[in-house]
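Please read them with the model open.

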Amino acid sequence: MATTLVTGGTVVSSTGAVPMDVLVDGERIASLHVPGGAPAGAVEGARVVDATGCYVVPGGIDVHTHMELPFGGTSASDTFATGTAAAAWGGTTTIVDFAVQTPGQDVEAQLAAWQAKAEGQCAIDYGLHMILGGVDDAALKAMDTLVAHEGVTSFKLFTAYPGVFYSDDGQVLRAMQVARENGAMIMMHAENGIAIDVLAAQAAARGDLAPVQHGLTRPPVLEGEATNRVIALAEVAGETPVYFVHLSATQALEAVARARDAGRNVFAETCPQYLYLTLEDQLGSPGEGGFEGAKWVASPPLRSKHESHRADLWKGLRTDDLAIVSTDHCPFCFADQKSLGRDDFRKIPNGMGGVEHRMDLVYQGVVEGRLSLERWVETCSTTPARMFGMYPAKGVIAPGSDADLVVYDPAARTRISVETHHMNLDHSSWEGFEVDGGVRTVLSRGEVVVDAGSSSLRAGHGRFVRRGLSSYLR
Ligand SMILES: [Zn+2]
């Protein structure tokens, strides 16, 4: 017996858009019907969600968030509770966050620590990747355990942040060799951190300490270089699949496209900030006594508007050289966190908040003719589910799948502001942005959690998602 009927809408998948009614039974999708075609007996007593004039899409999946991440002497300002609630307001019903291990720490103990932070706190379903900041024999062994027993099947390594998360080429290679055997996905933050630290120290020594220096000392060629190097290491490791996070630069995209053209299992995501914002207009903002740019300090940095990065990234999304849009949500408040770097850009905590706005900002690409409706669903929900072992429970509207649904109103208009967002953040990286379309209703595992501007979101509704291996490698 159905519990909810979503009626009158157009169901959008990665392959098409068709008017259909969706019957939900408990936490799962029961069946799909031509409009009005559900048997009367099956819908008796069901709650009706009117989706007339709206798209009905699988709930958004953001595979790159950092709730409560400790960084630079402070922690990301969204907790698992506040960040997942904000995600739901924006039409995202699953996040995959990152547990963190640094040199000398025990991987399984760190995973347990992150599980404890998230458990009972999340308003929507959540999974975890594992950051390996200290690749050693014990960490390599733990990779097998996490894949086999913990539902954690992806590991993030860094060629950036020497002394914090950095892995040298030998460490990257060894982790790739393990992933080659156990089927895990290696995720890479690819920037040449050693060279960047030299450039940043030289800028500081010159007295160039403003936020824009964060971007000028992390040039795009150093993202391209690291991306090429990692792709070479993956080949040497025996064609290990690799997934580049937050790709921002043309040089890196060219490396990924070349590898994909050669048939390699190389994947990449980008983030809304790299599609819209720039080094000059945001990071270089003269506001707040020359410090406002700190709001947009993140790594990789926003790229120059005088180069082709943004247009190339949109093109990459169309051609599938970029498979996914995630947010890298890692918010720090301006007043008491970003300000740690007021006298030195190197001390500004790295990250932006955006988990609430991804679905709207990518939908704007549909409005502007950059992407198809189907590609919006594919890059924001279906491919994330398939890439990280959650499909078909997530990422598709089909009988048996979790009833994670978003009723999206193309006639709505969304104005983004700190005044109206739900993230625990004292500013918005997107202040004043206005986009067509907006989230009307959100179901998380069958429960209506957001509807017409009100919510029944609650900490603890969200469950841990034990993930399998990537669908793209089988
Ligand atoms: Zn990140």
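1. Helix α9 covers residues 250-261, 12 residues in total. Helices here are DSSP runs (H or I, at least four residues), and strands are runs of E, at least two, numbered from the N terminus.

2. This is a predicted model: local features need pLDDT of at least 70, side-chain atom pairs count only at pLDDT 80 or more, and totals for chains, interfaces and linings use all residues. Residues are numbered from 1 along each chain as its sequence is written.

3. Which residues of α9 are buried? They are Thr 250, Gln 251, Ala 252, Leu 253, Ala 255, Val 256 and Ala 259. Buried means 20 or more other C-beta atoms within 10 Å of the residue's own, with C-beta atoms placed from the backbone (exposed: 12 or fewer; partly exposed: in between). Their cover includes α8, β15, β16 and α13.

4. After α9 comes Gly 263, with a positive phi near 85°. After α15 comes Gly 389, again with a positive phi, near 70°.

5. Helix α15 runs over residues 373-387 and reaches 20 Å, close to the 21 Å expected. 12 of its 15 residues are buried, so the rest of the structure largely encloses α15. Among them are Trp 376, Glu 378 and Arg 386.

6. Helix α14 (residues 358-367) packs on α15 at about 150°, with axes 9 Å apart. That makes the pair roughly antiparallel (over 145 degrees).

Methods. The expected span of a helix is 1.5 Å times one less than its number of residues. Axes are lines fitted to C-alpha atoms, for helices over the stretch in contact, and angles run from 0 to 180 degrees between N-to-C directions. Angles under 35 degrees count as roughly parallel, over 145 as roughly antiparallel, 65 to 115 as roughly perpendicular and the rest as oblique. Two residues are in contact if their C-beta atoms, placed from the backbone, lie within 7 Å.
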